[in-house]
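We will go from stop to stop, with something to select at each one.

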Amino acid sequence: MALKRDISGRAEKSEDQKLQYYKAGRNKALNLGNRGPIKFNPDGSLAKQILDAYSEFGFYVFENVIQTRELKDLENGVASILKRLPVSEDSTFDNNGNPAIGTNCKAPTLFWSKPLGDPFGGTKLANGRHPVKMNEPQPSKNSPEKIVYLILGTLQFSDEFLRTYAHPELLKVAEQINGEDFVPFTDALFIKEPGMGASVAWHRDGTTHWDSPNFDERTHGFNFMIQLYGCTEENGVWVVPGTHKKRYVDIAKMVSDAGSERVEDAVPMICNPGDVVISNRQVVHGSFSNTSSDWRITINQGFHRRKSVLGVKGGGLHGEPAVYDAERIIERSKIIKLAIEARKQRFPEEKAFEYKPLSTSTEEFTWDAAAKRSLHDYNLLDLSI
Ligand SMILES: O=C(O)CCC(=O)C(=O)O
């Protein structure tokens with residue numbers, strides 16, 4: 001009996017500490033000064049305050065970027081993807097008996113986890129870049145054995161996602177951060193279902209350039225993280241601000257110094273529906289399993305500087321390992337033009353973004369059924385650094 005009391009007392013203390021950590025992190029996040037609408041100067045450059053804050057913290061919350069109509073489209077896109085997932089990890093059919101998405105792809109596409117699990121933490125997967133396993137709470141008894149919590153190569157599965165990939169303001173930001181010749185990286189969907197969504201253990205994303213003499217704070221690119229329902233301290237991504245500038249960090253030590261997965265100095269991304277975070281891939285980040293009652297759906301779109309990938313041997317984490325030459329880069333970049341064409345059909349009144357590396361191309365880009373078919377396995381060409 002005494003032992004039982006002792007253990008439940010500790011559990012309460014730990015729950016208390018977690019809530020305090022969440023509250024302090026949220027307050028700190030909301031006061032960092034790295035949130036607001038996308039703002040450009042009259043000459044088209046990104047507002048200095050945004051550039052400065054992005055540089056200081058490694059992430060910036062662009063508020064209210066995706067408007068209601070487009071958000072609704074994205075919600076439909078997500079619902080359609082979820083409906084077409086295989087019923088189990090070893091099935092190739094969805095709930096309606098139709099061929100499921102992702103199961104005939106060569107590229108890595110569907111990532112499974114036990115509910116509230118942490119499939120990468122403390123393993124050698126993904127170059128061992130997630131050194132410490134997160135806490136894995138017990139899911140409720142009626143949970144499925146495994147869930148899909150992450151999907152790559154998403155633009156082939158959703159016209160809605162493809163259209164948002166050509167959001168003109170976001171592409172203008174990409175151009176400002178990575179230069180006119182910016183290139184794609186990869187595209188992902190993180191599904192954090194309440195009571196099920198898996199953890200993503202603390203990590204940094206880059207794999208190739210940490211020792212490079214040319215390393216700088218933008219070397220490994222960034223992700224746009226589009227928030228369908230917003231995100232909170234309980235279900236959102238947490239970031240250790242400033243770590244994107246460091247060549248070396250010891251994540252295992254950060255966790256052991258904290259005495260738990262709640263690493264010091266971290267802050268959560270706090271967003272409303274339609275907000276988009278730009279997050280430096282070099283920043284230490286991670287997310288806890290979603291024990292909250294709120295969904296988090298994040299649509300990631302990653303971009304690189306061309307000079308970070310040209311002539312570089314890619315790590316093979318996303319696409320196939322290869323030395324990325326100009327031909328491969330331009331081939332992978334063509335999806336930006338297709339996305340722009342797809343977007344024009346839905347938002348004809350909008351001023352479309354002009355993607356400079358392909359603006360003089362003689363190739364015709366048309367968004368139609370054949371173009372859609374051509375996207376199958378497009379992410380085999382991901383520029384994975
Ligand atoms: O959305 C998440 O929970 C994790 C995101 C992440 O780790 C990434 O984009 O690299």
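How many bridges join strand 3 to strand 4? Select residues 147-152 for strand 4 and look across to strand 3: 4 bridges join the two, and they run antiparallel.

Before going on, some ground rules. Residues are numbered from 1 along each chain as its sequence is written. This is a predicted model, where local features need pLDDT of at least 70, side-chain atom pairs count only at pLDDT 80 or more, and totals for chains, interfaces and linings use all residues. Helices (H or I, at least four residues) and strands (E, at least two) are DSSP runs, numbered from the N terminus.

Now zoom out to the open sheet, in which 8 strands follow the order 1-2-10-7-12-5-4-3 with mixed pairing. Two strands pair if DSSP finds at least two bridges between them. Select 35-36 and 110-113: these are strand 1 and strand 3, the edge strands, each with a single partner, so one side of each has no neighbour in the sheet. Click on Trp112 and you will find its bridge partner in strand 4, Val148.

Next, step inward to strand 5 (183-192). Strand 4 meets strand 5 through 3 bridges, running antiparallel, and Ile151 has Leu189 as its bridge partner there. How many residues of strand 5 are buried? The count is 10 of the 10, so strand 5 is largely enclosed by the rest of the structure. Here a residue is buried if 20 or more other C-beta atoms lie within 10 Å of its own, and exposed if 12 or fewer do, with C-beta atoms placed from the backbone.

**Helix 3**

Select residues 68-83. Helix 3 has 16 residues and spans 22 Å from its first C-alpha to its last, close to the 22 Å expected at 1.5 Å a residue; the expected span is 1.5 Å times one less than the number of residues. Colour its buried residues, Leu74, Gly77, Val78 and Ile81. They cover an arc of only 95° around the axis, which puts them on the same side of helix 3; the arc is that of the directions from the helix axis to the C-beta atoms. The buried residues pack against strand 4, helix 5 (159-165), strand 5 and strand 12. Turn to the face away from the buried side for the exposed Thr68, Arg69, Lys72 and Ala79.

**Helix 7**

Move to residues 251-258, where Ile251, Met254 and Val255 are buried. Down the axis of helix 7, these fall within an arc of 95°, so they line one face. They pack against strand 6 (200-203) and strand 11, while Ala252, Lys253, Ser256 and Asp257 are exposed on the other side. Just after helix 7, Gly259 takes a positive phi of about 75°.

**Val283**

Val283 sits in the loop between strand 10 (276-280) and strand 11 (284-287). Val283 is buried, with 24 other C-beta atoms within 10 Å. Beyond neighbours within four places in sequence, its contacts (C-beta atoms within 7 Å) are Gly58, Phe59, Arg204, Val239, Val240, Thr243 and His244.

Notes
Two residues are in contact if their C-beta atoms, placed from the backbone, lie within 7 Å.
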